[in-house]
Every structure is written in structure tokens, then in C-alpha cells.
Amino acid sequence: MADMVRTRFAPSPTGYMHIGNLRSALYTWLYARHHGGKFILRIEDTDRNRYVEGATEVIYRTLKSIGMNWDEGPDVGGEFGPYVQSERKDMYLPYAKQLVEMGKAYYCFCTNEELDARRAAAAERGETFKYDKHCLHMDKAEVERRLAAGEPYVIRQNVPEHGEASFDDAIYGHIKVDCAELDDMILIKADGMPTYNFANVIDDHTMGITHVMRGMEYLSSTPKYNLLYDAFGWEKPVYIHMTSIMRDAQHKLSKRDGDAYFEDYLAKGYLKDAIVNYVALLGWNPGDDREFFTLDELVDAFDVSGMSKSPAIFDVAKLTWMNAEYIRRMSAEEFDAAAEPWYEKAGIAHMDKGVLRRILQPRLEIFSQMADITDFLTKMDEEFDIALFTNKKSKTNAEVSAKVLDMVIPALEALPAWDEESLHSLLIGMAEANGMKNGTLLWPVRIGMAGKAVTPGGAIEIAVLLGREESLRRLKLSRARLNAAL
RNA sequence: GGCCCCUUGGUCAAGCGGUCUAAGACACCGCCCUUUCACGGCGGUAACAGGAGUUCGAGUCUCCUAGGGGUCACCA
């Protein structure tokens, strides 16, 4: 038990799951599972102004859908609860007061307005503002008096003016900073709530978190947290700071570009497993050439030594490739099931599923491409440019095409069975009998039925999908339009 | 601006002092396959940010410069 790894994912409920957050959750979860430890979910809602209704449910739903289960959390409980920060509100003040008694923290009555003014003044002088410990020097009697009078106050950490604060990061190594650089951060806000920084330290310790994994934006404030651990005489956790995911070299993935949230990609038709797989590889590598991982395989392979120090740019093209690969690797049953809603949307659900699967599975990169790629099946552009009948490689032009269609249409009308095999032997047989390349015969037929240069599948598959009546209707119509070019 | 972190091809990245005339993947280009387009197969273009050291030897260690990111809130 003493060596049991305990990690935590501590999101604030803002409504959506950011891709970067998702990856942090994933790594944190993987670390715990890989080491046979516990994964704890804690909701950090100390900022009441930012609370979003239903946001916690989004977090639960997302994590569950991916398969990241938690051992302790607001909904499942646990012996270190409560797991919602606002419900722990009363736990923090005593710790802060304890620090005050030890001289490691102090009451501060400076108002926000005063501070803002001083900050602005410092900025004007081109200086970095740092709280001057003004209230630290207030005599005890006055502090007591103002407290008794009910004056609003905050509690600040008393950072030594000299010396060094440091910590060891599992990825970045030893990070140290001069205490003179550190500001006396607020531990308890005027509303009695702890700041994120303070709550984090207290919660992580009281919840027995052994490995603190979080974004690297906390790298520079972590030495300050360690001062708190030292003051309390607590054992420090192992720190593992994780890189951020970027849109490009200088910007993080952002809400504005509609590329930041897990939900965005789901809506665009990406598979959750592909997203998770791709994201897992952004900032971590298994040390070999493997790229495809199930969650279980990730648990097995995950290791801090494979985590990178520099931020990674999110490459949609690679995600798309990976998603396409996931689609191609689906079994027939899986593909049919996943495709069904998209077939409905595209209006082709009544067509031959076997043929659809065969032409679409290797071609779709994301399911949302379905409607576009199959649009000609539901409705041919009857005004299509008849120049499409001309194709050099297939040796076709308007004249050849007219000839081919004149020959093919009656033969198709006479074909007893309208199935793939019959269509295939008829058309290929005709090409051979007439000494034509397959392409010379099939090109006009495909164009005549599709009215489009690029189609998934060829003439035979399209004919099967459209059925005899519609195929012939289109071919006759196209043949008639060809007259204009002769 | 102060402080902290980072820096291998367009992107993800392997590399942990010699086997680097630097792997693999995506993207891109070419060829093959072929009933268009894909899929698949084969091949190609493309990188150690720059400069000083240390060393017999540096992508790998040190320092400097440059570039990028983070942070400096009663936000998390």
C-alpha cells in the first residue's frame, strides 16, 4: 500500500474536453494502470464564476466512452473524499492557519483595487510587480483587531526573501529558482475559498497522490508548491509535467479554430479510438515503430521515458490517415454497423450493403465524407459536362462512347439477372469480343451512369447499386446528350 | 522585460559519445497494379537552429547566441 501509485486527473468543469486535457487524462490514467495503481478523478471548481452546468457529466461521459475508468471520484466515492473541491472548502483554511502560525503564511488586508493600482504603476515603470510583504509586517494586535472587525482578508504564502526553491521533475529533471523571483501567492481568497495553487497542494497530499501529472504551464510555479510541502513536512510527490499540444509552432490548439475539443472531432466523423490512439502518440512514443495501439496495449507500453520535452503540433492529416486505417481494419460487421447511420444520412441505406462496403471501406477516411463521396448515387448531375466521356488513357471520346453505349444499353436490357457476376461477365465479355480494352468499354458506362469523373467503385459496382431501371435510365439519358457532340 | 522550459526533415519522432554517409510514420512526388478514384506494392525529395568549447571522436556533454513556448491573477 505504501508504494501504491496514485495519480489524479483534476479538470475544472468548463463544459468541453480539450484535446490537450484529454491527453493529460490519458497519460495520467495510463501511468496509474501501467503501475497497477489507482486513478482518481477530482473536480476543481473553486472558481464559482466559471462553473458551467452539466460540465462534470461531459467529463464523466468522455472518460467512460474511451474506457478510462476511475477508482475514486465524486460519483463513485472513495476514502479520501469529497472529490469535488468546492465541497472540501472547509478543509483548506485550517491548513492555511497552521502555516500562519509557523510564519510561513500571513494575513493580508490589501484590497484588489489597491493591488491593481500598484500593479499598474509597476507596469508603467516597466517593472515586474511583486507583492512587497506589506501586511507581513503588520503587528499581531492589529491583525487580530482587523480580523475581529470582520475586515476582508486573504492569506498569503510567506516566501523566503533569499535562498532557492526547487523540485525534481521526472521528465525535465531538477528545476530550481531563486526565491527572490517568487511572489507571495495567495492561498486563501477573500471569499474563503482556496486558490487553485493551494487547494492543489492540500488535495494532492490529503488524497495521497504519489505522482502529480499536469501540464507544463505549472513547471515554473512548482518550486513554490514544494516550499509548502517543506513547511508542512510532507513527503513530496513525483512530478511529471506534460507538454502542450499546439496548433502550430506558436499557438496552442484553440477554441476559436474549432479544433480544440474532442467533441469537435467526433462531430467531424472521427472515431474515438483513432483520436485516442493518435493523441497518445503526440508527446509520447513507445520506443519502437508501433503506431497502432488498443487501450490495453497502451497501458502495457506506456512509460515516462517515452514522453517528450517539447510541445507537439497536432497534425490533422496524420489523424485522418490513422482514422482511415481504423476504418480499413474494421470487420465487415463493424463497418456495416458504423456506416449505417451515415448511409441513412446519405440516402443510400437501401442499396446493396456488401457492394457499398467493398467500395467505401478502403476509400473513406472519415465517415462524414460519406454523403459527398456517394452523392451521385442518389442523384446524378444530369447536366454534367459531356467532355467527361473523353479520356485518353481509356481511349475514349464522344464518338467511341456513343458507340459503346449503343451496344451496351440493349445488352443490359436483355440481361436476365442484374447482379455483379452477370454484369461483370457481360461487360468484360463484350469488351473482349470487340477487341477493346476493358477501360474503353467501361469508362463510358461508368461516366454515363455517374455523371462524375471520380467515383468510388467502377461501372459494375455502380450498376449493381443503382439497379437495372435507374442504370438504364441514366445510360439512355447520357447517350442522348452525346448526340450534341457528334 | 525578469525567471523557467524547449530546439533532429513541412509534421510526429528514433537517437541517450564511435555501428549517424541520422530509423520509422504522416504529408508530398514518381512508378507499378488497375474499370475512374482510392486501397495495396515499390522508389524518391527532405533534418541534427547557429557559434564556441570538452574529447582521439559530438545529433548525443558544456557554454554563448538566436528562435519558440510557459509564467509573472483573490483563473484554474
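**Pocket, cavity and packed helices**

Tutor: Four elements each supply at least two residues of the lining of the largest pocket: β1 (6-9), α1 (19-34), α6 (196-206) and β8 (211-215). Helices (H or I, at least four residues) and strands (E, at least two) are DSSP runs, numbered from the N terminus. This is a predicted model, in which local features need pLDDT of at least 70, side-chain atom pairs count only at pLDDT 80 or more, and totals for chains, interfaces and linings use all residues. Residues are numbered from 1 along each chain as its sequence is written, chains are lettered from A and ligands numbered from 1 in the order in which they are written, and side-chain values use heavy atoms, with hydrogens and water left out.

Stay with the pocket. A pocket is an open set of points on a 1 Å grid over the protein atoms alone, with protein on both sides within 12 Å along at least five of seven lines; a cavity is a set where a 1.4 Å probe fits but cannot get out, and lining residues have an atom within 4 Å of a point. The largest pocket has a volume of about 1,100 Å³. Volume here is the space filled by probe spheres set on the points, which are joined across faces, edges and corners. The lining counts 42 residues, and Pro11, Ser12, Asn21, Glu217 and Tyr218 lie nearest the centre. Helix α1 gives the largest share, six residues. By class, the lining has 17 nonpolar, 14 polar and 11 charged residues. Ala, Val, Leu, Ile, Met, Phe, Trp, Tyr, Cys and Pro count as nonpolar, Asp, Glu, Lys and Arg as charged, and the others, Gly among them, as polar.

The largest cavity has a volume of about 40 Å³. Its lining is made of Asn200, Val201, Asp204, Val212, Arg214, Tyr225, Tyr229, Pro237 and Tyr239. Two or more of these residues come from each of α6, β8 and α7 (222-232). Helix α6 gives the most, three residues. Six lining residues are nonpolar, one is polar and two are charged.

Turn to helix packing. Helix α16 (residues 398-414) and helix α19 (residues 459-482) pack at about 150°, with axes 10 Å apart. Axes are lines fitted to C-alpha atoms, for helices over the stretch in contact, and angles run from 0 to 180 degrees between N-to-C directions. The two helices are therefore roughly antiparallel; that term covers angles over 145 degrees, while under 35 is roughly parallel, 65 to 115 roughly perpendicular and the rest oblique. From α16 the contact takes Ala398, Ser401, Ala402, Leu405, Asp406, Ile409, Leu412 and Glu413, and from α19 Arg468, Leu472, Leu475, Lys476, Arg479 and Leu482. Contact means heavy atoms within 4.5 Å. Eight of the contact residues are nonpolar, one is polar and five are charged.

Helix α16 has another partner, helix α18 (residues 438-450), at about 85° with axes 9 Å apart. Therefore α16 and α18 are roughly perpendicular to each other. Val400, Ser401, Val404, Leu405, Met407 and Val408 of α16 meet Thr440, Leu441, Pro444 and Val445 of α18. That contact has eight nonpolar, two polar and no charged residues.
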